[in-house]
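Here is a friendly briefing to read alongside the structure.

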Amino acid sequence: MAPLTIDIYADGADVNEMLAALEQPYIKGFTTNPTLMRKAGVTDYEAFASNVLAHIKHLPISFEVFSDDFDEMDRQARSIASWGPNVYVKIPVTNTAGVSAAGLIRTLAMDHIKLNVTALLTVDQVWEIAGELHPDVPAIVSVFAGRIADTGVDPVPLMKEALQILKHRPKAKLLWASPRELLNLVQADQMGCHVITVTPDILKKLPMLGKDLAQLSLETVQMFYNDAQQAGFSLRTHSDVYI
């Protein structure tokens, strides 16, 4: 198949996995979030970020605010933005009460802070956020296509519409967030999405991209056979059963 043009960002909070991803030439950036950090056992946010940024110096990387209060989000965002020129500050599209973060996003964007607006799932949210971004400041708009698909809805039409909306913000990139399988990478690439976040388990499947299906069928049969042999499976003969 044709080479992918979409930027692949590694998504995670395990430092060793992040550094391994950094060695791959196809990785163009990094994202993380409080949930991933908690799962990875991170307890000191700033120490974690400092460690990561000591190695990831030139590729874009997103760190998220963790307050639910917009004034405190503003303070945290400015602190995080000071960590390095490659840092994007992740701002959730609303707080936990569902109140829009549009005002905060507008204020930070006007102050030329690079933002990654996260947890978007609707076209209306994309319209609202696109209107608050500064046309001259780089930004990322993370639409959780994988979570949309989890509801039984095809995310591709929504992502295509989001891409059209962001044409009015040439410095903003549409990010396909929360992919569930390697097919999502192909879907995002084919529709012209700018960025996709990819978890380590999906990254491991990248060598399968474009693999010959007949060969894959043979390897699957071989896997079943080898596992049966290694398990030592056997069946009694018909005569044995009725003795």
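## A walk around the barrel

Strand S5 is largely enclosed by the rest of the structure, because 5 of its 6 residues are buried. This is a predicted model, and its protein chain holds 12 helices and 8 strands. The strands form a closed barrel of 8, in the order S1-S2-S3-S4-S5-S6-S7-S8, with parallel pairing. On average, neighbouring strands of this sheet are turned by 30° against each other, direction ignored.

**The chain as a whole**

- Along the principal axes, the C-alpha atoms of the protein chain fill a box of roughly 85 × 40 × 35 Å.
- The protein chain has 243 residues, and buried residues make up 43% of them.
- Of the contacts in the protein chain with a separation of 6 or more, 63% are between residues 24 or more positions apart.

**S5 and its partners**

- S5 spans residues 115–120 and pairs with S6 in the parallel sense, over 4 bridges.
- Leucine 115 has alanine 139 as its bridge partner in S6.
- S4 and S5 also run parallel, and 4 bridges join them.
- Here, lysine 90 stands opposite asparagine 116 in S5.

**S6, strand by side chain**

- Is strand S6 enclosed by the rest of the structure, or how many of its 5 residues are buried? Strand S6 (residues 139–143) has 5 of its 5 residues buried, so it is largely enclosed by the rest of the structure.
- In a regular strand, side chains alternate between the two faces of the sheet.
- Ala139, Val141 and Val143 point one way from S6, while Ile140 and Ser142 point the other way.
- The residues on both sides of S6 are buried.

**S2 and S3**

- Strand S2 (residues 27–31) pairs with strand S3 (residues 61–64) in the parallel sense, over 2 bridges.
- Phenylalanine 30 has isoleucine 61 as its bridge partner in S3.

**Aspartate 7 in S1**

- Aspartate 7 belongs to strand S1, which covers residues 7–11.
- With a relative accessible area of 22%, aspartate 7 is partly exposed.
- Aspartate 7 and isoleucine 196 are 189 residues apart along the chain, yet their C-alpha atoms are separated by 6.4 Å.
- Which residues does aspartate 7 contact, leaving aside its neighbours within four places in sequence? They are Lys28, Lys173, His194, Val195 and Ile196.

**Helices lying across strands**

- Helix H3 (residues 45–55) lies across S3 and strand S4 (87–92), and runs at about 180° to S3.
- Helix H8 (residues 156–165) lies across S6 and strand S7 (172–176), and runs at about 170° to S7.

**Helix H4 against helix H5**

- Two packed helices are described by the angle between their axes and the distance between the axes.
- For helix H4 (residues 70–81) and helix H5 (residues 102–110), the axes come within 10 Å and cross at roughly 30°.
- H4 and H5 are therefore roughly parallel to each other.
- The crossing of H4 and H5 is a right-handed one.
- On the H4 side the contact involves Phe70, Met73, Asp74, Ala77 and Arg78, which meet Leu104, Thr107 and Leu108 in H5.
- By class, the residues of the contact of H4 with H5 are 5 nonpolar, 1 polar and 2 charged.

**Helix H6 against helix H8**

- Helix H6 (residues 123–132) packs with H8 at an angle of about 15°, their axes being 10 Å apart.
- That angle makes H6 roughly parallel to H8.
- The crossing in which H6 passes H8 is right-handed.
- Val123, Val126, Trp127 and Ala130 in H6 meet Leu158, Glu161, Ala162 and Ile165 in H8.
- The contact of H6 with H8 has 7 nonpolar residues, 1 charged residue and no polar ones.

**What covers H6**

- Which residues of H6 are buried? Val123, Gln125, Val126, Ile129, Ala130 and Glu132 are the buried residues of H6.
- The cover over the buried residues of H6 includes H5, S5, S6 and H8.

How values were computed: Residues are numbered from 1 along each chain as its sequence is written. This is a predicted model: local features need pLDDT of at least 70, side-chain atom pairs count only at pLDDT 80 or more; totals for chains, interfaces and linings use all residues. Side-chain values use heavy atoms; hydrogens and water are left out. Axes are lines fitted to C-alpha atoms, for helices over the stretch in contact, and angles run from 0 to 180 degrees between N-to-C directions. Angles under 35 degrees count as roughly parallel, over 145 as roughly antiparallel, 65 to 115 as roughly perpendicular and the rest as oblique. A crossing is left-handed if the near helix is turned anticlockwise from the far one by less than a right angle, and right-handed if clockwise. Contact means heavy atoms within 4.5 Å. Ala, Val, Leu, Ile, Met, Phe, Trp, Tyr, Cys and Pro count as nonpolar, Asp, Glu, Lys and Arg as charged, and the others, Gly among them, as polar. Buried means under 20% relative accessible area, exposed over 50%, partly exposed in between (1.4 Å probe, protein chains only). Two strands pair if DSSP finds at least two bridges between them.
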